[in-house]
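Please look over the sequence and the model first.

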Amino acid sequence: MTYDSPAFKPRNIAVAGRELALAWGDGHESYLPFDDLRAGCPCSLCRGHREAPKDPLRVVTAPARGQIAIRSLVPVGAYAVQIVWSDGHDTGIYSFESLRKVCPCPTCRAEGGLS
Ligand SMILES: [Zn+2]
Ligand SMILES: [Zn+2]
């Protein structure tokens, strides 16, 4: 698949319960749980936390699972969306390609190797 593939272009994005629902240009649908999206936040702040060595004194800023929600979605160009979380964290910009690649549905998981 190329970067311009309809598979990476959502026709619709909506919040459904505690999941982000994406309807893709190729007809596929993805339901991404908030907790997994936040855990995979691509911003440098969150990446730094995940990659930092374990330090018991470090204050954990990541919210507990089940506590976080999406406050709003901000389109970023034609290729990404910025997620504003209920705790005010808003530096994570998620490319559509990366969202498609973390689709947890059995079909995408079976294909493997996509990520
Ligand atoms: Zn982040
Ligand atoms: Zn899928």
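## The zinc site

Four donor atoms surround the zinc ion (ligand 2) at angles of 103 to 119°, and the site is tetrahedral. The model described here is predicted. For comparison, the ideal angle for four tetrahedral donors at a metal is 109.5 degrees. The donors to the zinc ion (ligand 2) are NE2 of His28 and the SG atoms of Cys103, Cys105 and Cys108, at 2.0 to 2.3 Å. Along the sequence, these donor residues follow the spacing H-x74-C-x1-C-x2-C.

Which of the residues around this site are buried? The cut-off for buried is under 20% relative accessible area. The values are set out below.

Arg100 belongs to helix α3, which covers residues 96-101. Beyond residues up to four places away in sequence, Arg100 touches Ala7, Phe8, Trp24, Asp26, His28, Ser30 and Cys108. Two of these contacts, His28 and Cys108, are also donors to the zinc ion (ligand 2).

## The sheet

Three strands form an open sheet in the order β1-β2-β3, and their pairing is antiparallel. The edges are taken by β1 (10-16) and β3 (29-33); each has a single partner strand, so one side of each has no neighbour in the sheet. From one strand to the next, the twist averages 20°. In general, strands of a sheet pair through backbone hydrogen bonds.

Strand β2 spans residues 19-24 and is joined to the antiparallel β3 by five bridges. At Glu19, the bridge partner in β3 is Pro33.

Nonpolar side chains in soluble globular proteins tend to be buried together. Here the largest nonpolar core has 17 residues, and Leu37, Ile70, Ile83, Trp85, Tyr94 and Leu99 have the most contacts inside it. At least two residues of this core come from each of β2, α1 (34-39), β5 (80-85) and α3.

What does Leu37 touch, apart from its neighbours within four places in sequence? Leu37 is in contact with Leu20, Leu32, Ile70, Ile83, Trp85, Tyr94 and Leu99.

Terms used. Residues are numbered from 1 along each chain as its sequence is written. Chains are lettered from A and ligands numbered from 1 in the order in which they are written. This is a predicted model: local features need pLDDT of at least 70, side-chain atom pairs count only at pLDDT 80 or more; totals for chains, interfaces and linings use all residues. Side-chain values use heavy atoms; hydrogens and water are left out. Two strands pair if DSSP finds at least two bridges between them. Helices (H or I, at least four residues) and strands (E, at least two) are DSSP runs, numbered from the N terminus. Axes are lines fitted to C-alpha atoms, for helices over the stretch in contact, and angles run from 0 to 180 degrees between N-to-C directions. Donors are N, O and S atoms within 2.8 Å of the metal (3.2 Å for Na, K and Ca); water is not among the atoms, so sites may look incomplete. Four donors count as tetrahedral if all angles lie between 85 and 135 degrees; four count as square planar and six as octahedral if opposite donors are over 155 degrees apart and all others between 65 and 115; anything else is irregular. Contact means heavy atoms within 4.5 Å. A nonpolar core is a set of buried Ala, Val, Leu, Ile, Met, Phe, Trp, Tyr and Cys residues joined through side-chain atoms within 4.5 Å. Buried means under 20% relative accessible area, exposed over 50%, partly exposed in between (1.4 Å probe, protein chains only).
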